[in-house]
Amino acid sequence: MTGSTAATFTADDYRARMGRAARAAAEAGLAGLLVAPGPDLVWLTGYTPPAVTERLTLLVLAAGQDPVLVVPALEAPDAHRAAGASALTLRDWTDGKDPYAATAALLDASGRFGISDNAWALHLLALQQALPGSSYASLTEALPMLRAVKDAAELDLMAAAGAAADATFEEIRNVPFAGRRESEVAADLDRLLRGHGHEQVDFTIVASGPNGANPHHEAGERVIARGDMIVLDFGGLRDGYGSDTSRTVHVGEPTDEERRVHDLVREAQEAGIRAVRPGAACQDVDRAARRVIADAGYGEYFIHRTGHGIGVTTHEPPYMIEGEERPLVPGMCFSVEPGIYLPGRFGVRIEDIVTVTEDGGRRLNTTTRELVIVE
């Protein structure tokens, strides 16, 4: 996370987040939360360890208790400098000591705890050995909505990340495509995203011609040719918050079928956006977009969910997919990105990040959704 993000949030902000997380854990019947290095730890404390090592770093949260961050002694000075450090107690341990015994002393010996999805098995198994009566659930399983609802400052950062991705698209549409490799255009996307403030680029999909039928195609050495439809999907983190947008462009004039399929995806995306409102189920967004494509006879070619949450990571809950009945809440941010993928021929995807408002939804991407002609 960049310094500019850390400056955005105060110790009071992190204190409030940790308190909210501890209360949510108690309401879910958990004895507490154990948060390993990763996006949850950054979001809760503002702390990113200087390196990922085998040494235990773990935030312990429980309702009615002060937050405690267990850290290796050699990394304690960095932890003390974190934006949220004054909102918690740091407990360091030195090499040669047992960090699991020290951590176990903070925990209910028979409790059930939520633990970070990315916690090392090494650490979880050692805690289970120290506390054989304890049990654990992944945070995604136990508290999937922990980071889902963004506050006003977070929404400002999300909007700025979206605007940076939009500025990237406005520039990439003017670079040469024909005669260049997908990997070269992907490098342009990476450079532009960073030029517009992204400290981390997570993906730069450039899927030309038949490669467009693979939603997660890795940009490769295929040379883009005149007549190609090209799916562009790119994003990452700007000041610690995510961008993710997709637009489909065409080299030269498209065929009538290509225009028809693109228009259909655009119509489906509009339907998904219109379905966004407080109280609607996540699956309602998927159903609205999917219905348009299915009714036109292309249902079998829409092969992924309609959307995913986004925040301090580019993919997180909630998910816009059939079976997800969780209601939409103001402040949630997620993608709406239907697509049609015709094997061996071409693909089309259009994606915006949307935030739920008090009376509907607001796009955080504003570039044209018309089929853009490139050279």
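A residue counts as buried when its relative accessible area is under 20%, and as exposed when that area is over 50%. Aspartate 228 has a relative accessibility of 7%, so it counts as buried. The model described here is predicted.

**Salt bridges**

Aspartate 228 does have a charged partner. Its side chain meets that of arginine 222 in a salt bridge, with 2.7 Å from N to O. Arginine 222 is partly exposed, at a relative accessible area of 27%. Elsewhere, salt bridges with shared partners join five residues into one network: Arg247, Glu270, Asp352, Arg363 and Arg369.

How many salt bridges are there by this rule? The count comes to 28. In general, side chains of opposite charge can pair when their charged atoms come close.

| Aspartate 95 | Arginine 55 | 2.8 Å |

Take aspartate 95 and arginine 55, which form a salt bridge. Aspartate 95 sits in the loop between β4 (89–93) and α5 (99–104), and arginine 55 in the loop between α3 (39–45) and β2 (58–61), so the pair ties together parts that are 40 residues apart in sequence. Aspartate 95 is exposed, because its relative accessibility is 52%. Arginine 55 is partly exposed at 23%.

Is glutamate 221 buried or exposed? Glutamate 221 is exposed, with a relative accessible area of 53%. Arginine 181 is partly exposed, with a relative accessible area of 37%.

**Alanine 280**

Alanine 280 is a loop residue, placed between α10 (256–274) and α11 (282–295). Its relative accessibility is 4%, so alanine 280 counts as buried. Which residues does alanine 280 touch, leaving out those up to four places away in sequence? The contacts are Ala275, Arg326, Pro327 and Leu328. Arginine 326 lies 46 residues from alanine 280 along the chain, yet their C-alpha atoms are separated by 8.2 Å.

Key: Residues numbered from 1 in each chain as written. Predicted model: local features only at pLDDT ≥ 70, side-chain atom pairs only at ≥ 80, totals over all residues. Heavy atoms only, no water. Helix = DSSP H or I, 4+ residues; strand = E, 2+ residues; numbered from the N terminus. Buried < 20%, exposed > 50% of the residue type's maximum accessible area, 1.4 Å probe, protein only. Contact = heavy atoms within 4.5 Å. Salt bridge = Lys/Arg side-chain N within 4 Å of Asp/Glu carboxyl O.
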